[in-house]
Amino acid sequence: MSRTHRPQGRIALATLSLILTASACGSGSGSQESSDDPITIGVSLPLTGDFSEPGKGVERGYKAWAKIVNDKGGLLGRKVELKILDDQSNADRVVSDYEQLIGRDEVDLVFGPFSTRLVVPSARVAEEYGMLFVEPAGAAPEVFTQGFKNLFYAAPAVANDHYKHLAEYILAMPENERPRTVAYAAMDDPFAQGTAYGLKDRLQKAGIRTVADEVYPPNTTDFGNIAAKIADSKADMVVGGTQYQDGVNLIVALQQLDYQPKMAAFSTAPTEPEFAKAIGNKTEGILAPTGYTQKADYPSNKEFVEKYTKQYGKAPEEDEANAYTTGQVVAAAVEAADCASQDPDCQGELVTWLRGNTVQTVVGPLKWDDKGRPQSAHMIQQWIDGEIQIVLPEAQKEADLVHPKPKW
């Protein structure tokens, strides 16, 4: 049977099951949720392959959420049980994994994988089966142009809005102090380009000129030519749409040319624990967006940090926090709808509730538009005196933003 037809068959079976249950027990769809059986949650993650490191972080975040929930008695009085498969960072594999989890294993709920490249194909499977699909790592614009009706991104902002607070800060600066020219370099990746070009769009509209714009393949290791073009442009500001190693290599190449911008912002790389050592501890003034800080005073974050640290021996990072947030979002919908099953009415209630409500999470309050895009922005961090600190927005800041950037 083709995948296109399978969901219809499952809906028919679920409807028949619902009718039989109601006839036998004289109750509605909630009777299934009163069972002592665990609530099973299916997940496919890149535990091997190109995305294995962040994939393992997401796995830890999901497991931390499940443990904390189960220690408190579970959801709807039932324990939660994670069924995690390894998609090997492969888009074809992630499709077959969610087919198996939903169609054969008949899990009650699903959580999303890591990476836009895996979120889009897996979200299609969940959509075909009518399943709620909350995901922790698909922030690129293309995720939200597929027509998905059941998808929600569990983070403060999509990639294009990661630098929203920084853009507002720059445009509020006195005109004689703000950067007049910017050089951009971005990995050929939907997320990385989304972060850099989201800022580019805002600054260009305000008349700040682009003087260099370089896109490079994901496997690039030699950044000499790109760094030279940026240095030759003498841009007041450099913006990198980066992941990790590419960000490190680009910054080192710029340092070697003694290019000294007044502002420097890079996505992802500066927030990683190994970053400072990797660039020779020449971090001063580097900016980066982040959706999470261990110091955030949101009500559930203190518990998350304490219990995660006890479970894993170290504090959680952003990948773990976004996974934990995914669990919080799904749990809020389950509690509100009082159901957790593949029953179409249940899944519809979960989606409808999230469409109209705000959920309190470890990354702050989240609400979404009709495409599943969160309606907030990432915080901005900056390396100051050898430590990365929140500088924007005002409500969360730990230090004042330093401008111009000290020499590296």
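Which residue in S3 does Ile41 stand opposite? Keep that one in mind while I get us started. One caution, everyone: what we have on screen is a predicted model.

Now, back to the opening question. Ile41 stands opposite Leu109 in S3. Strand S1, residues 39-45, and S3 run parallel, and two bridges join them. They belong to an open sheet of three strands, in the order S2-S1-S3, with parallel pairing. At the edges are S2 (80-86) and S3 (109-110), and each of these pairs on one side only. Look for helix H4, residues 91-104, too: H4 lies across S1, S2 and S3, and runs at about 170° to S1.

While we are in this part of the chain, find Asn70, which sits in helix H3, residues 52-71. Is Asn70 buried or exposed? Asn70 counts as buried because its relative accessible area is 16%, and the cut-off for buried is under 20%. Setting aside residues up to four places away in sequence, Asn70 touches Lys79 and Val80.

Let's move on to the nonpolar cores. The largest has 74 residues, and the members touching the most others are Trp65, Leu350 and Leu354. Which helix gives this core its largest share? That is H12, residues 318-337, with nine residues.

Let me stay with Leu354 for a moment. Leaving out neighbours within four places in sequence, Leu354 is in contact with Leu132, Val134, Phe152, Val329, Ala333, Val359 and Trp368. Apart from this core lies another one, of 29 residues, including Met187, Ala227, Ala235 and Val238.

Next, H12 itself. From its first C-alpha to its last, this 20-residue helix reaches 29 Å, close to the 28 Å expected at 1.5 Å a residue. H12 is mostly covered, with 15 of its 20 residues buried.

Last stop: another pair of strands. How many bridges join S6 to S7? There are seven, between S6 (residues 181-187) and S7 (residues 209-216), and the two strands run parallel.

Technical notes:
Residues numbered from 1 in each chain as written. Predicted model: local features only at pLDDT ≥ 70, side-chain atom pairs only at ≥ 80, totals over all residues. Heavy atoms only, no water. Core = buried A, V, L, I, M, F, W, Y, C linked by side-chain atoms within 4.5 Å. Buried < 20%, exposed > 50% of the residue type's maximum accessible area, 1.4 Å probe, protein only. Helix = DSSP H or I, 4+ residues; strand = E, 2+ residues; numbered from the N terminus. Contact = heavy atoms within 4.5 Å. Expected span 1.5 Å × (residues − 1). Pairing = 2+ DSSP bridges. Axes fitted to C-alpha atoms, helices over the stretch in contact; angles between N-to-C directions.
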